[in-house]
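Let's walk through this fold together, starting with a pair of strands and ending with a pair of helices. Please keep the structure in view as you read.

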Amino acid sequence: MINLDIPGFGKLEIEHLVLDYNGTLALDGNLLPGVGKLLKELSEDVQIHVLSADTLGQCEEELSGLPVTIHIINGSPEDKAKLDYVNSLGPAKCACIGNGRNDTLMLKEASLSIIISGAECMSMKAARAADLVATDISCALGVFTHPVRLLTTLRN
């Protein structure tokens, strides 16, 4: 678990890290370099969940052998399916990272949310629901391996 009390923001007790796949962990279906190592490191502190519609059909193969729970979203609306998943875990115990419009609801409900503004760009609707913007997934995951970054960015 990651515990942090951020003045002006609140107390975080993160047990679950919920991640979108395409556009967040992957580009064009391929896991981005260095992400596997970061996920392994983070799995010592939080349970990692990857949610994806798996548009390109590579999610399970790319994440095989990594300490993550994969949930493939079937049907629509995808945003509601992702929100339902986060609600099943307890949004107060979740941090979520995504980039797309279908991530908006889970980003809005999570106790901490990060939007990725990377190669696939980001949905402005989802960006308005997030607490932080990261230029890439390594920076976003870095706030969990170095939680003082959250303190310095979110405190008031």
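This is a predicted model: local features need pLDDT of at least 70, side-chain atom pairs count only at pLDDT 80 or more; totals for chains, interfaces and linings use all residues.

Strand S3 (residues 16-20) runs parallel to strand S6 (residues 47-52), and the two pair over five bridges; here strands are DSSP runs of E with at least two residues, helices are runs of H or I with at least four residues, and both are numbered from the N terminus. Two strands pair if DSSP finds at least two bridges between them. Residues are numbered from 1 along each chain as its sequence is written, and side-chain values use heavy atoms, with hydrogens and water left out.

Now widen the view to the sheet. Six strands make up an open, parallel sheet, ordered S7-S6-S3-S8-S9-S10. Its edges are strand S7 (69-72) and strand S10 (132-134), each of which pairs on one side only.

On to the helices. The axes of helix H1 (residues 35-42) and helix H6 (residues 137-145) come within 10 Å and cross at roughly 20°; axes are lines fitted to C-alpha atoms, for helices over the stretch in contact, and angles run from 0 to 180 degrees between N-to-C directions. H1 is therefore roughly parallel to H6, a term for angles under 35 degrees. Residues in the contact (heavy atoms within 4.5 Å) include Leu 38 and Leu 42 of H1 and Leu 141 and Phe 144 of H6.

Terms used: Angles under 35 degrees count as roughly parallel, over 145 as roughly antiparallel, 65 to 115 as roughly perpendicular and the rest as oblique.
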